[in-house]
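This report is meant to be read beside the sequence and the structure.

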Amino acid sequence: MRIVNPTFGISAAADEKLAVQPLDWLNDPIALFSNSKPNARELMDGLKAKLAAVRSVDNIDFIYKPSASQPASAAVIDEVAHKYRAALLALGD
Amino acid sequence: MIESLDTEFIDMSDMSIEAFNNMAESAGWSDGMPLYVPTEEAVGRLVETVRGDNEPVGPVPPRQLMPTMQSLAANAVMAGCKPEYFPAVVAALRACLVPEYNLHGTLATTHPCTNMIMLSGPVRHETDVNCGPNCFGQGRRANAAIGRALQLIMLNVAGAQPAEMDRATQGSPGKYTFCFGENEEESPWEPYHVRKGFDATDSVVTTLAAEPPHNINDHGSNTGKGILKTIAGTMAQAGSNNVYLNGPMFVVFGPEHAQTVARDGFTVETVQEFLQEHSKVHVSRISAENLESWNGQDRHAVGEHYYPAGSPSDIQIAVAGGAGKHSAFIPAFGNTAASSMSINKT
């Protein structure tokens with residue numbers, strides 16, 4: 001019996017290459033990325049305070065989606081990818 | 001049993017329906033109800049109905065895959081679609097892919113929204129979709145299978161696996177299927193798709209990221225204004241997404257309500273204006289914590305009220321159903337759009 005795979009599709013990002021480099025958690029810039037749900041900011045504040053105990057937080061920034069009900073735009077994701085070495089996500093609710 | 005999930009076709013040993021369903025459930029392809037087997041032959045019969053449609057579909061978020069007509073048809077076969085349903089399924093998916101629909105957000109949300117489908121024009125008769133009594137309920141294959149096919153596509157192509165990508169807190173029964181036809185023959189107003197700029201002879205599918213229908217019972221009112229007051233009261237919900245996110249919503253009049261409202265001189269436009277004004281929610285009905293949260297999101301009251309419909313045109317008006325004094329309010333996700341798409345056929 002031959003069936004058609006109902007999950008089949010061609011990846012729109014199939015040609016993109018990912019370059020993975022070592023991350024220095026004590027020095028590299030980090031984005032604290034909020035999904036803009038209630039309490040996400042409080043969660044991120046707590047995380048930033050924890051990080052402040054072990055490293056400088058001058059290059060740790062908050063990033064927000066414009067709305068909890070919409071995905072982040074490609075421009076925002078590109079900005080985070082270029083500017084930061086890691087992104088920590090808050091899924092507050 | 002399965003050689004590869006990365007291939008379009010999968011060679012399998014012959015198996016019973018029961019064995020296939022067990023395999024599909026294990027693979028995550030199932031909505032929990034029995035599936036038809038998407039054999040190459042069965043899929044081919046559906047694909048034949050869109051043979052002249054060469055426009056690529058997708059990418060479909062969140063997985064961002066470009067499905068083939070075969071993989072879309074495989075989901076339609078599994079849902080129980082007859083071949084003549086398939087162009088409506090493809091059009092419904094395309095309607096969900098316009099950016100304003102916000103498909104990624106509507107699939108990943110904790111809100112229980114599903115993809116409502118309304119068929120307008122000749123396709124209603126070609127598919128035998130139920131536009132009349134019990135149109136939101138059981139009993140007609142087109143309603144069951146077209147809506148289910150779109151939901152299986154969301155599961156298998158978009159990747160909206162429950163409790164994984166689909167984060168719905170409770171979900172809704174509408175996530176199995178939600179498809180009906182407009183009762184154009186008993187409507188006192190122009191059909192929905194004609195009001196949206198299509199020809200009456202066009203076959204059109206309209207989708208909305210919606211909650212299931214909320215019933216509006218009004219047996220007592222004998223005037224248009226009385227019925228509209230009851231409808232507006234049902235729309236004025238402090239706990240809906242629309243109350244602070246606005247956006248589109250449907251009011252689906254039962255034919256008897258619609259005819260009374262129209263008899264008393266209401267047009268679609270004056271119905272929308274009346275409902276927008278009278279469905280406002282006073283801030284005293286909103287919790288202090290919610291008011292603080294919404295203000296923090298720049299979602300402010302207008303004067304002392306929140307308006308579920310940001311503007312009268314947000315209220316989509318249609319007529320469906322049979323005899324009886326009931327209508328339906330269909331709230332939506334909020335940050336979305338009612339999307340209408342012409343159905344292409346060979």
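How many bridges join strand β3 (residues 114–120) of chain B to β4(B), and do these strands run parallel or antiparallel?

## The sheet of chain B

In this predicted model, β3(B) and β4(B) are joined by three bridges and run parallel.

Two packed helices are described by the angle between their axes and the distance between the axes. For helix α3 (residues 69–79) of chain B and α4(B), the axes come within 11 Å and cross at roughly 115°, and the crossing is right-handed. From α3(B) the contact takes Leu72(B), Ala73(B) and Ala76(B), while α4(B) supplies Phe86(B), Val89(B), Val90(B) and Leu93(B). By class, this contact has seven nonpolar residues, with no polar and no charged residues.

## Two domains in chain B

Chain B is divided into domain 1 (19–211 + 336–346) and domain 2 (213–330), and the C-alpha centres of the two domains of chain B lie 26 Å apart. Where they meet, 24 residues of domain 1 of chain B are in contact with 18 residues of domain 2 of chain B. On the domain 1 side of this contact, the elements that give two or more residues are β3, β4, α8 (192–195) and β5 of chain B. The residues on that side of domain 1 of chain B divide into 14 nonpolar, six polar and four charged.

## Helices around α9 of chain B

Helix α9 (residues 224–235) of chain B packs with helix α12 (residues 268–278) of chain B at an angle of about 50°, their axes being 8 Å apart, which makes α9(B) oblique to α12(B). The crossing of α9(B) and α12(B) is right-handed. Leu228(B), Lys229(B), Ile231(B), Ala232(B) and Met235(B) of α9(B) make this contact with Val271(B), Phe274(B), Leu275(B) and His278(B) of α12(B). By class, the contact of α9(B) with α12(B) has seven nonpolar residues, one polar and one charged.

With helix α11 (residues 255–263) of chain B, α9(B) packs at an angle of about 125°, and the axes are 8 Å apart; α9(B) and α11(B) are therefore oblique to each other. Here Gly224(B), Ile227(B) and Leu228(B) in α9(B) meet His257(B), Thr260(B), Val261(B) and Arg263(B) in α11(B). The residues of this contact divide into three nonpolar, three polar and one charged.

## Contact between chains A and B

The contact between the chains takes 19 residues from chain A and 40 residues from chain B. On the chain A side, β1 (2–4) and β2 (9–11) of chain A are the elements that give two or more residues, and by class this side has 10 nonpolar, seven polar and two charged residues. Strand pairing also crosses from one chain to the other, as three bridges join β1(A) to strand β1 (residues 9–11) of chain B, and these strands run antiparallel. Within β1(B), Phe9(B) stands opposite Val4(A).

## A loop with backbone exceptions

Most residues other than glycine have a negative phi, and most peptide bonds are trans. In the loop between α2 (40–47) and β2 (65–67) of chain B, which holds Pro59(B), the peptide bond from Gly58(B) to Pro59(B) is cis, with omega near 10°. Pro62(B) has its place in the loop between α2 and β2 of chain B, and the peptide bond from Pro61(B) to Pro62(B) is cis, with omega near 0°. Gln64(B), found in the loop between α2 and β2 of chain B, has a positive phi of about 60° although it is not a glycine.

Technical notes: Residues are numbered from 1 along each chain as its sequence is written. Chains are lettered from A and ligands numbered from 1 in the order in which they are written. This is a predicted model: local features need pLDDT of at least 70, side-chain atom pairs count only at pLDDT 80 or more; totals for chains, interfaces and linings use all residues. Two residues are in contact if their C-beta atoms, placed from the backbone, lie within 7 Å. Helices (H or I, at least four residues) and strands (E, at least two) are DSSP runs, numbered from the N terminus. Ala, Val, Leu, Ile, Met, Phe, Trp, Tyr, Cys and Pro count as nonpolar, Asp, Glu, Lys and Arg as charged, and the others, Gly among them, as polar. Two strands pair if DSSP finds at least two bridges between them. Axes are lines fitted to C-alpha atoms, for helices over the stretch in contact, and angles run from 0 to 180 degrees between N-to-C directions. Angles under 35 degrees count as roughly parallel, over 145 as roughly antiparallel, 65 to 115 as roughly perpendicular and the rest as oblique. A crossing is left-handed if the near helix is turned anticlockwise from the far one by less than a right angle, and right-handed if clockwise. Domain bounds come from an automatic or database domain assignment.
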